[in-house]
Amino acid sequence: MRKLNALLLMAITLAPSWAAAVDKVYPKNGVPASGKIKSISRTEVVITARGKDQKFAIGDIVKVAFDGEPSGLERARDQYLNGQYDQALEEIKKLGAEDANSEQVRQDIVFYRWYCEGKQGMIGQGDVNKAIAGLSQLASTNANSHHMLEISAALGELNMSIGKPDEAIRYYAFLARATDPALQLQGKYQLGMADLAKDDVAGAKAKLAQVSKQKTNSPEEARFANLAKVGVAICLQREGDVKTALSQLNALAKKLDNTDHDLFGRVINARGQCYKATGNTKFALQDFLMTDLMFFTAAEPHAEALYELQSLWQTEGNPIAAAAAKKKLTTQYASSVWASKP
């Protein structure tokens with residue numbers, strides 16, 4: 001009986017390590033697949049589970065975990081998925097080369113290290129240029145990485161944030177060729193916004209209008225269609241049709257969920273630009289101040305709002321508030337294109 005109890009205790013003790021000694025694919029829908037990854041690429045992951053191969057398209061996957069990976073990587077991955085980039089970066093920085101028991105684990109560590117560095121850099125708490133260099137190196141040496149679409153999106157966003165739309169276009173063009181509809185729509189939207197950053201209003205309007213009219217089948221796709229509608233309104237305002245632009249933006253403001261700070265901040269900023277274009281300083285000030293006070297978690301809209309508030313507060317006779325907006329901009333978004341604008 002003692003021998004049997006000892007064996008049972010051993011089995012219970014060892015079971016967690018046996019259970020953990022597998023690769024795992026976590027799909028957006030359905031239960032995770034546990035087994036041995038047979039192949040992994042920028043388009044799909046094939047895992048052998050219970051003697052059968054299961055294929056998952058990259059766009060249908062939430063995350064992939066690897067056999068024997070360090071617990072710090074697992075924590076960082078989950079923090080990354082929750083948008084907790086500062087915490088994820090702290091976890092990743094604790095890991096060294098000795099913690100990577102496989103090439104896939106090494107690539108994951110490098111990816112999360114530089115992706116989170118870039119996200120933190122966009123809010124003044126990391127180095128954007130180092131993140132661009134790190135992600136570019138990873139992309140050039142691991143072109144078939146299952147993170148390739150995420151890398152492309154990040155490199156596009158980071159290059160846009162420092163005023164390099166031509167560089168961003170290279171990565172967004174790759175994203176626009178993705179097989180996943182949401183990622184494809186994201187790439188097409190971003191290509192339009194890159195054209196807008198280059199003052200190619202006609203080219204931007206054509207691309208954005210196409211995305212805005214796209215039939216959508218998921219919340220992610222609908223989000224990029226709505227972002228494109230904001231982009232179209234910005235194009236209309238730049239073409240001088242402020243009335244139509246304001247009408248479209250006000251309709252969006254009534255319809256959209258303001259918990260999406262990035263999307264809603266862009267709507268309010270675009271409306272503020274319309275008021276500014278017509279000389280309605282007070283209404284423009286109200287909108288950019290709304291972004292500053294309510295949607296400050298969205299780096300790009302917040303930086304734009306702070307930039308505009310500098311001059312608007314001066315116009316309204318409040319140089320102290322103007323100086324505060326400038327200080328906040330140069331402190332929080334030092335690497336942003338908005339901080340370097342005259």
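**Briefing: contacts, packing and backbone features of the chain**

When neighbours within four places in sequence are set aside, Gln120 is in contact with Tyr85, Asp86, Leu89, Gln125 and Gly126. The structure described here is a predicted model. Its protein chain holds 16 helices and 5 strands, and 47% of its 342 residues count as buried.

**The chain as a whole**

- The C-alpha trace of the protein chain spans about 90 × 45 × 40 Å along its principal axes.

**Gln120**

- Gln120 belongs to helix α4, which covers residues 103-121.
- With a relative accessible area of 7%, Gln120 falls under the 20% limit and is therefore buried.
- Leu89, one of the contacts of Gln120, is 31 residues away from Gln120 along the chain, and the C-alpha atoms of the two are separated by 8.7 Å.

**Ser336**

- Ser336 is located in the loop between α15 (319-332) and α16 (337-340).
- Its relative accessibility is 8%, so Ser336 counts as buried.
- Apart from neighbours within four places in sequence, Ser336 is in contact with Ser161 and Ala303.
- Ser336 and Ser161 are 175 residues apart along the chain, yet 5.3 Å separates their C-alpha atoms.
- Ser161 is in helix α6, which comprises residues 148-161.

**The nonpolar core**

- In soluble globular proteins, nonpolar side chains tend to be buried together.
- The largest nonpolar core of this model has 98 residues, of which Val45, Phe111, Leu135, Tyr189 and Leu208 touch the most other members.
- Leu135 touches Phe111, Trp114, Tyr115, Ile151, Ala154, Leu155 and Leu158, when residues up to four places away in sequence are not counted.
- Leu155 also takes part in the contact of helix α6 with helix α7.

**The pair of helices α6 and α7**

- Helix α6 (residues 148-161) packs against helix α7 (residues 165-175) at an angle of about 155°, and their axes are 8 Å apart.
- Angles over 145 degrees count as roughly antiparallel, and α6 and α7 are therefore roughly antiparallel to each other.
- The crossing of α6 past α7 is left-handed.
- On the α6 side, the contact is made by Met148, Leu149, Ser152, Ala153, Leu155, Gly156, Glu157, Asn159 and Met160.
- On the α7 side, Pro165, Glu167, Ala168, Tyr171, Tyr172, Phe174 and Leu175 contribute to the contact.
- By type, the residues of this contact comprise 11 nonpolar, 3 polar and 2 charged.

**Residues with positive phi**

- Most residues other than glycine have a negative phi.
- Arg50, which is not a glycine, has a positive phi of about 55°.
- Arg50 lies in the loop between β3 (44-49) and β4 (52-57).
- The relative accessible area of Arg50 is 88%, so Arg50 is exposed.
- Asp199, likewise a residue other than glycine, has a positive phi near 65°.
- The loop between α8 (181-197) and α9 (201-212) contains Asp199.
- Asp199 has a relative accessibility of 59% and therefore counts as exposed.

Key: Residues numbered from 1 in each chain as written. Predicted model: local features only at pLDDT ≥ 70, side-chain atom pairs only at ≥ 80, totals over all residues. Heavy atoms only, no water. Axes fitted to C-alpha atoms, helices over the stretch in contact; angles between N-to-C directions. Helix = DSSP H or I, 4+ residues; strand = E, 2+ residues; numbered from the N terminus. Parallel < 35°, antiparallel > 145°, perpendicular 65-115°, else oblique. Left-handed = near helix turned anticlockwise from the far one by under 90°. Contact = heavy atoms within 4.5 Å. Nonpolar A, V, L, I, M, F, W, Y, C, P; charged D, E, K, R; others polar. Core = buried A, V, L, I, M, F, W, Y, C linked by side-chain atoms within 4.5 Å. Buried < 20%, exposed > 50% of the residue type's maximum accessible area, 1.4 Å probe, protein only.
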